[in-house]
Amino acid sequence: MGVTQTESSVTSPRLGKGVAPAAGSPAHRNGWPFVVPAILLLLLLNIFPLVFSVVMSFSNVTTDNGLKLASATLANWSHLLHDSGFWDSMKFTVFLVAVGVSLEFLIGLSMALLLWRKIPGGGFFRVLFSIPMMLAPVAIGFMFRMLLNEQYGPVDSVFHSLHLPDVLWLSSTTVAPISVIIMDVWQWTPLMFLLLLAGLQAMPEDAIEAARIDGASGPRILWDIVLPMLAPISVMAVFLRMVLAFTIFGEIYLLTGGGPGTSTTSTTLLAYFQGFQTFNLSYGSTISLALLIFVTAIATLYLSVTRVLLRRVQT
Amino acid sequence: MRVRGAWRYVPIVFWATFVALPIYWMVITAFKDNSAIYNGARWLPWVDYTPTSQAWHDVLGGSESVIGPLEHSLIISTAATLIAVFIGSLAGYGLARFRLKLGFMRNNDISFFIVSQRIMPPVVVVLAFFMVFKYLHLLDTLLGMTIVYTGFSVPLATWFMLSYFRQIPVEVEEAAYIDGDTPFSAFWRIALPLSLPGLIATSLLTFSFVWNEFLFAVVLTSNKATTLPIMIAIQQGEQGTNWWNICAISLISIVPMVLFAIVLQRRLVTGLLGGALK
């Protein structure tokens, strides 16, 4: 179809990977003064607390005995392996990330494709569609708790007047996780939408134009040209969203508080409860580190799989 | 693709309704009182309930004043954003322009090290921060919160600024070197001004993450450094939930973001992605 020449203009997202600077005059000057502040800051504010967390997880710290670390122990980690509360929270978190992020991607992509070309009212919809991601997560949690309230919420009153059965949005262990997903989709589809729309707008027009002159149909152009060119930015957008979704906290904290029962307790919520409600800082740290290990594994897997897929799409 | 016809408005309007209804509900609830909430859903002000501005009086200086937390939020978010974007720009520039080597680590490895920090769930470090801050008496201080949020923001700021600097042609800076500029003055006088759209997008994104952050705030503040999200969260009390206050505070807290989004809509989107695309 005479379009391959433009595909090389879209490179894979560089999540920290990328080209080394060209051999120019700045390249062989000393660049360390630029990078050292960031590295020192991260060592102090991220790596040190991380190490501290690891130490806590092999010890027994409560808020009562302050900074005193008891002798090393594996108790927290061995407890974790048999703690069904932890595994349930991981199951819920993975469910939320898988279903939520997929829906956000599909809806965000559809809306970006629909609003890509200028249409009357497009600007209004773009602004409207980006508002939710600007609201504080706590505000969103409360808002959905109000909307889904089973006595005086608007959703319930609509269901009632349409003679639909009552749904226990927040008090049924099977429906509450779905309510969390609805909230997450409402909140984060905007980010997908904005990233994908920007990707579409940055796309070179000549490839699409050439295909159209060759007589390719709309769906063919979409499938053969637009979506492959959108693949790199999609990979990046899903990655960003996925990593953030694993740490969901404030929204759920105020929507359901992790309940009913523990049906909507995300792993971050569980770690928080352990640390600051049962004051078992060591076990809270252990849970959070397990989450970190899991997220790192998923992120690594995702990046290597998508790297292979991207290469296949682009050749 | 370029499908003509009005059918495309069907999914758009469907989604727009889903997005807009909660926002509409939030706006009208900010003007409700007890009776307009607990007696069933009320949809239209003046039609099925009488709007009141009581919540706004309470929130803007009355019994539930948010003025203090609003100041804390502004100070912490602005300070953390400025510091993080500055440090992130420095690091991004260094990684985009110079060849660095640290043992086996080259530029790519160093930038991956910095960016990968963002993979770390905040809950991993918050428990440690709590312990250390307690020891250093930094709990519930503006300084402590600024420090925490700066660390939290630097990885993303570095990533975004790195991709901007990669887009800027290096020739201008090379000319500056010949004129006797130092690396820092080339960065400060040339590269930074050239990447202004990127700086704006990065600052806005950083600001909004810090502005809305809840986990660090709920663990590390209690009184003297509480932020707006905390003010929202504590409206749920023993005597029931003050829905009207929650909505009023939420609306106050979204104002700066919406203003930015409308004014800088185009710039933010192109700015956000610049580097990842080209």
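This is a predicted model: local features need pLDDT of at least 70, side-chain atom pairs count only at pLDDT 80 or more; totals for chains, interfaces and linings use all residues.
User: Domain bounds come from an automatic or database domain assignment; how far apart do the C-alpha centres of domain 1 and domain 2 of chain B lie?
Analyst: Residues are numbered from 1 along each chain as its sequence is written, while chains are lettered from A and ligands numbered from 1 in the order in which they are written. In chain B, the assignment gives domain 1 as 6-52 and domain 2 as 67-277. The separation of their C-alpha centres is 34 Å.

User: Which element gives the largest share of the side of domain 1 of chain B that touches domain 2 of chain B?
Analyst: Two residues are in contact if their C-beta atoms, placed from the backbone, lie within 7 Å. By that rule, seven residues of domain 1 of chain B meet six residues of domain 2 of chain B. With three residues, the largest share on the domain 1 side comes from H1(B).

User: How many helices does chain A have?
Analyst: Helices (H or I, at least four residues) and strands (E, at least two) are DSSP runs, numbered from the N terminus. Along the sequence, chain A reads α-α-α-α-α-α-α-α-α-α-α-α-α. Chain A has zero strands, and its number of helices is 13.

User: What percentage of the 278 residues in chain B are buried?
Analyst: A residue is buried if 20 or more other C-beta atoms lie within 10 Å of its own, exposed if 12 or fewer, and partly exposed in between, with C-beta atoms placed from the backbone. Chain B holds 14 helices and four strands, and its C-alpha trace spans about 75 × 65 × 30 Å along its principal axes. For chain A, buried residues make up 46% of 315. For chain B, the figure is 51%.

User: Which helix of chain B gives the most to the side that touches chain A?
Analyst: Where the chains meet, 95 residues of chain B are in contact with 92 residues of chain A. The chain B side divides into 66 nonpolar, 20 polar and nine charged residues. Here Ala, Val, Leu, Ile, Met, Phe, Trp, Tyr, Cys and Pro count as nonpolar, Asp, Glu, Lys and Arg as charged, and the others, Gly among them, as polar. Giving the most to this side, with 12 residues, is helix H1 (residues 9-29) of chain B.

User: Where does H8(A) bend?
Analyst: Helix H8 (residues 176-201) of chain A has 26 residues and reaches 38 Å from its first C-alpha to its last, close to the 38 Å expected at 1.5 Å a residue, where the expected span is 1.5 Å times one less than the number of residues. Of those 26 residues, 19 are buried, leaving H8(A) mostly covered. A bend is the angle between axes fitted to the seven residues ending at a residue and the seven starting there. A proline, A:Pro190, follows within four residues of the bend of about 40°, which lies at A:Trp188.

User: Which element of chain A has the highest mean pLDDT?
Analyst: Chain A averages a pLDDT of 83, and 87% of its residues score at least 70. Over residues 1-24 of chain A the pLDDT is below 50, though this stretch has 55 contacts in the model beyond near neighbours in sequence. Helix H1 (residues 4-7) of chain A has the lowest mean, 34, while the highest, 95, belongs to H4(A).

User: Is A:Ser234 buried or exposed?
Analyst: A:Ser234 sits in helix H10 (residues 218-245) of chain A. Because 20 other C-beta atoms lie within 10 Å, A:Ser234 counts as buried.

User: What is the phi of A:His163 near?
Analyst: Most residues other than glycine have a negative phi. A:His163 lies in the loop between helix H7 (154-161) and H8 of chain A, and counts as exposed because it has 6 C-beta neighbours inside 10 Å. Its phi is positive, near 60°.

User: What is the omega of the peptide bond from A:Gly259 to A:Pro260 near?
Analyst: Most peptide bonds are trans. A:Pro260 is in the loop between helix H11 (250-255) and helix H12 (267-276) of chain A. The bond from A:Gly259 to A:Pro260 is cis, with omega near -5°.

Technical notes:
pLDDT is the predictor's confidence in each residue, from 0 to 100. Domain bounds come from an automatic or database domain assignment.
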